[in-house]
Number of protein chains: 2
Amino acid sequence: MTKAGLSQIYRDYIACLNKQDWPNLGRFVHEEVYYNGEGIGLAGYREMLEGDFRAIPDLYFDIHLLISEPPRVASRLRFNCTPKGTLFGLPINGKRVSFTENVFYEFRDGRIEQVWSVIDKAAIESQLLPDRVKNERSISRQTAAKPRQMKA
Amino acid sequence: MTKAGLSQIYRDYIACLNKQDWPNLGRFVHEEVYYNGEGIGLAGYREMLEGDFRAIPDLYFDIHLLISEPPRVASRLRFNCTPKGTLFGLPINGKRVSFTENVFYEFRDGRIEQVWSVIDKAAIESQLLPDRVKNERSISRQTAAKPRQMKA
């Protein structure tokens, strides 16, 4: 698998998600896929994504950064959407929010077998609570001399 | 800059952080560095890191995954530490917590010029609030049929 080939497979995978083309998800995701260390399998993976689209009807995966080093891909995804109810336990209720996800994938035989994802929940919180200190920038931040504002 | 060369520079950068070798930080970080879209400069970057170590005296940057595609690097960092007080507004107060950071870097002339970081605040929350539903796994999760447990 070449670097360019793996990047293209990844872009096709994201296109599959954005089309909600679940019958073809297995072309990109391994039957034995792991998500953040837990084996959830292709059926669990599809269920997770279907749940995402039920909660966020205008969900769209936008690739901001893509780095490929076979058999791995790292991607920074941007979201700008209006979740219907709660998201990560936060009351969104149709408000437009922007956030990012930095995520690593490991492929086997051309399909995703491992996913390690971190979603920026703090960025969403900062958009819901304008009167609170918004910056969750560095690991500790609270000790920083000059709090910096989160760019959502 | 080769892929292997950039990976080595990145590992040297992480070693610099773990040694808290601030006088040498400028070997790895550009004077005009941006963090999550905000120009904070080398001085602001150093201040941020110094604040991290004040808040987390046993802070140690552990590279779990590293992907290099010059001029960019993506890294998944693992932390297992005991923050003294609050972290991301959460009352840690010396409890041992484990969490990850997925972070992208863009280099120019061999030094970091852009950083796009997401830290897994939800994982820390789940370790502080054992009675709450812990899983913040997928984007929406709340709609998933079977909640999955966060692996910290």
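Predicted model: local features only at pLDDT ≥ 70, side-chain atom pairs only at ≥ 80, totals over all residues.

**Strands in chain B**

I started with a hairpin. It is formed by β3(B) and β4(B), with two residues between the strands. I looked up their pairing next: strand β3 (residues 62-69) of chain B runs antiparallel to β4(B), and seven bridges join them. To have one pair to find on screen, I picked B:L66, whose bridge partner in β4(B) is B:S75.

Then I asked myself which other strand β4(B) pairs with. I found strand β7 (residues 97-108) of chain B, again antiparallel, with 10 bridges between β7(B) and β4(B). My example pair here is B:N80 with its bridge partner B:S98 in β7(B).

Is strand β4 of chain B largely enclosed or largely open? I checked burial along residues 72-81: seven of the 10 residues are buried, so the rest of the structure largely encloses β4(B).

**Where the two helices meet**

I moved on to helix α3 (residues 121-128) of chain A and helix α3 (residues 121-128) of chain B. Their axes come within 8 Å and cross at roughly 85°. I therefore wrote down α3(A) as roughly perpendicular to α3(B), since 65 to 115 degrees counts as that.

Which residues make the contact? From α3(A) I listed A:K121, A:A122 and A:E125, and from α3(B) I listed B:K121, B:A122 and B:E125. Sorted by class, the contact of α3(A) with α3(B) has four charged residues, two nonpolar ones and no polar ones.

How values were computed. Residues numbered from 1 in each chain as written. Chains lettered and ligands numbered in written order. Heavy atoms only, no water. Buried < 20%, exposed > 50% of the residue type's maximum accessible area, 1.4 Å probe, protein only. Helix = DSSP H or I, 4+ residues; strand = E, 2+ residues; numbered from the N terminus. Pairing = 2+ DSSP bridges. Axes fitted to C-alpha atoms, helices over the stretch in contact; angles between N-to-C directions. Parallel < 35°, antiparallel > 145°, perpendicular 65-115°, else oblique. Contact = heavy atoms within 4.5 Å. Nonpolar A, V, L, I, M, F, W, Y, C, P; charged D, E, K, R; others polar.
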